Amino acid sequence: MRNREELVKLFEKCNNGKILAQLQCHTLKVGLAHDSFFATKLSALYAKYASLVHARKVFDETPHKTVHLWNALLRSYCRENQWERSLHLFHDMVSSSSHGVTEGKPDNFTVPVVLKACAGLQALKLGKTIHGFVKRNEKTDLDMFVGAALIELYSKCGKMDEALQVFLGFSQPDVVLWTSMITGYEQNGNPEKAVEFFSQMVVIKHVNPDRVTLVSLVSACTQLSNSKLGSSIHGFITRRNLDYDLSLANSLLNLYAKTGSVKSAANLFEKMPAKDVISWSSLIACYSLNGAAAEALNLFNEMIDRKIEFNSVTVIGALQACGVACNLEEGKTIHKLVTSKGLEMDVSVSTALIDMYMKCFSPEDALDVFEKMPKKDVVSWAALLSGYSQNGMSSKSMGIFNTMLLNRIKPDAVAMVKILASCSDLGILQQALCLHDYVVKSGFTNNIFVGASLIELYSKCGSIVNAMKVFEEMKVKDIVTWSAIIAGYGIQGQGRQALKLFHKMTETSRIMPNEVTFISLLSACSHAGLIEEGIKIFNYMLHEYRIKPNTEHYGIIVDLLGRTGELDRALDFVQKMPIPAGPHVWGALLGAACIHHKSELGEVAAKNLFQLDPNHAGYYILLSNIYAVEKNWDNVGKLRHVIKEKGLKKMLGKSVIEVGSEVHSFVADDRLHPESDQIYRLLGNLNVNMRDKVEDYNSNSKYYYMALRKFYS
């Protein structure tokens with residue numbers, strides 16, 4: 001008896017595999033190797049400190065298997081996500097008990113573990129069978145841990161109605177059951193219901209939430225993009241002294257990142273007593289997602305300087321910041337760091353590198369990363385083809401799409417949207433029709449975002465009829481599709497038709513316009529020269545829908561006034577803006593000054609643009625063109641010198657034509673086309689013919705002028 005008590009104490013102190021092996025030898029010596037109590041302890045400890053193989057060996061060598069031993073091994077399998085083995089073991093357990101072995105009969109501790117395995121495999125049919133067994137056993141049926149496991153099963157299988165029925169079967173559900181329901185609704189994309197359940201739990205039933213409940217609640221707020229509610233929950237957490245909890249603080253950081261609350265995220269990060277790699281990564285991502293690229297890179301470099309271990313998520317956030325800032329040098333430094341840490345083989349990191357290089361206008365480096373990837377998924381292919389499109393190489397991106405299909409990579413909805421966007425840059429109708437056919441055959445017809453991209457594609461190809469047909473055939477029309485068709489009519493210069501569609505949307509549906517809708521509508525007014533209508537829509541957005549305009553909305557109004565010569569009004573509008581004018585606004589004003597040859601106004605706009613974006617060659621060239629019209633050659637020369645000194649290059653304009661089934665692209669002075677000699681020969685002949693025609697026209701005009709003078713004299 002004394003040996004047994006001493007052995008129990010030794011097992012309690014065991015914390016590594018070496019001691020465990022010695023303990024097993026000792027149990028053999030004292031004749032307790034087949035004792036079910038010690039066998040259970042050995043099995044559980046082997047799973048924890050050695051391997052499941054050793055744990056299973058102990059289990060198999062024990063002649064009398066109690067329910068505790070069965071449960072210990074079941075829990076070990078589940079802990080390692082070995083769901084199938086868990087279910088096989090449970091089958092053996094049931095078979096054993098059906099042959100009269102009562103010691104190993106499943107109990108209310110077995111059922112939650114098995115249900116967890118069912119949830120892991122989404123084995124709903126087997127889960128329902130076990131649920132039936134639970135209902136027949138009153139003791140198990142009333143067990144709240146069993147109830148929580150059933151709710152998790154139904155939640156993981158997307159059956160929230162069944163989960164609710166389980167929940168309602170308990171007269172006084174505890175915090176675990178409430179949390180299971182809140183988590184279920186949040187994970188099934190119903191954050192409103194998750195918040196509603198939390199309110200019932202705390203306000204009506206007075207059940208105190210734990211940190212797991214609050215993590216799920218914060219995740220629900222993140223889905224809702226509701227920073228105000230998130231801040232309220234943050235206050236609730238602080239009042240309960242739970243803000244020290246690392247997982248809760250990290251979930252709040254993620255909420256603030258996704259809702260654009262950069263200051264709140266930074267303040268929270270500063271106050272956190274403990275930070276892990278998730279905390280650092282979350283704030284870096286927060287800065288990157290919200291345009292604060294410098295802050296993101298500073299934080300990443302601080303992390304490196306302090307020798308804090310980073311992971312792939314950290315690196316992705318930093319690379320996104322490089323892309324936002326167009327900081328190729330910093331991006332290449334991070335690339336070297338990634339390679340030294342062996343993270344380059346991570347598909348998501350390689351994809352982030354491709355995206356960064358494309359945004360930094362270095363497609364060669366992006367292609368080099370792509371070609372070195374041992375495994376390429378649909379996301380990496382989509383990053384490459386959309387990157388080429390961003391770099392003005394849309395025909396190249398369509399070639400990548402063809403290669404992707406040849407490699408039997410089927411695009412998902414996100415990739416399909418990027419492919420359609422690349423094609424829309426080319427504006428080739430025949431290609432659009434082929435892609436539309438592919439969309440239908442691939443089952444994307446009812447995807448709202450793919451539908452909206454098709455509408456945009458047809459609009460840019462000049463086929464508003466096909467765009468409208470896609471819109472009308474869509475079963476579900478949301479604000480994305482309405483905004484796309486309104487923008488489509490705007491692209492075609494049919495501003496009044498765009499206005500009609502907008503009024504139809506607001507009068508015949510419950511759909512509320514958003515910021516993008518008004519950008520589409522204001523652009524339509526600008527292209528059609530509808531000044532007063534555009535101003536009216538802007539005020540409508542401001543006062544009727546209480547949508548706060550961003551710099552793009554202001555830029556379109558300036559463009560609208562500028563196009564129609566209302567330059568004083570445009571400048572007055574800029575000066576009265578409640579937010580600092582960005583490149584969109586000053587760029588529109590510079591463009592207007594260029595159209596109407598107003599050098600003073602151009603200088604005002606250019607001065608602000610040079611401060612906001614000093615490396616944009618287009619701004620210098622536009623101002624130079626204004627000076628050239630006024631024959632101010634000194635200033636033209638100064639600007640050209642600045643462009644050369646800074647090494648700035650204007651992105652070349654590209655022309656694309658479709659001949660038969662083949663696409664040909666050209667830039668100025670292009671000699672790369674295989675038939676360039678014949679093309680330039682034809683252009684030369686056309687030039688001669690045009691000159692001859694002009695000379696004939698001039699001589700004929702002189703003859704008719706002399707004849708008319710003679711007739712009237």
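**Notes on the predicted model**

1. The buried residues of helix α5 are V67, L69, W70, N71, A72, L73, L74, S76, Y77 and C78. The model under review is a predicted one. Helix α5 is thus listed here residue by residue, and ten of its 13 residues are buried, which leaves the helix mostly covered.

2. Against what do these residues pack?

3. The geometry of α5 may be checked next. The helix runs over residues 67-79 and spans 18 Å from its first C-alpha to its last, close to the 18 Å expected at 1.5 Å a residue. After α5 comes N81, which has a positive phi, near 60°.

4. In the model, residues 174-208 are 77% helix and 0% strand, with the end C-alpha atoms 9 Å apart. Residues 377-411 are 74% helix and 0% strand, and the end C-alpha atoms of this span are 9 Å apart.

5. The structure contains 17 salt bridges. One of them joins the side chains of E152 and K116, at 3.8 Å from N to O. E152 belongs to helix α10 (residues 144-156) and K116 to helix α7, so this pair ties together parts that are 36 residues apart in sequence. Both ends are partly exposed: E152 has a relative accessible area of 24%, and K116 has one of 35%. K116 and E152 also belong, with K156, to a network of salt bridges.

6. Two further salt bridges lie within single helices. E196 and K193 meet at 3.4 Å, N to O; both residues lie in helix α13 (residues 191-204), three residues apart, about one turn of the helix. E456 and K460 have their closest N and O atoms 3.2 Å apart; both residues lie in helix α28 (residues 448-460), four residues apart, again about one turn. An α-helix has 3.6 residues a turn, so residues three or four places apart point the same way.

7. How many disulfides does the model hold? The count comes to zero. For C25, the closest cysteine sulfur is that of C14, 12 Å away, which is too far for a bond, given that a disulfide requires two cysteine sulfur atoms within 2.5 Å. C25 is partly exposed, with a relative accessible area of 44%. C525 has a relative accessibility of 0% and therefore counts as buried, the limit for that class being under 20%.

Conventions:
Residues are numbered from 1 along each chain as its sequence is written. This is a predicted model: local features need pLDDT of at least 70, side-chain atom pairs count only at pLDDT 80 or more; totals for chains, interfaces and linings use all residues. Side-chain values use heavy atoms; hydrogens and water are left out. Buried means under 20% relative accessible area, exposed over 50%, partly exposed in between (1.4 Å probe, protein chains only). Helices (H or I, at least four residues) and strands (E, at least two) are DSSP runs, numbered from the N terminus. The expected span of a helix is 1.5 Å times one less than its number of residues. A salt bridge is a side-chain nitrogen of Lys or Arg within 4 Å of a carboxyl oxygen of Asp or Glu.
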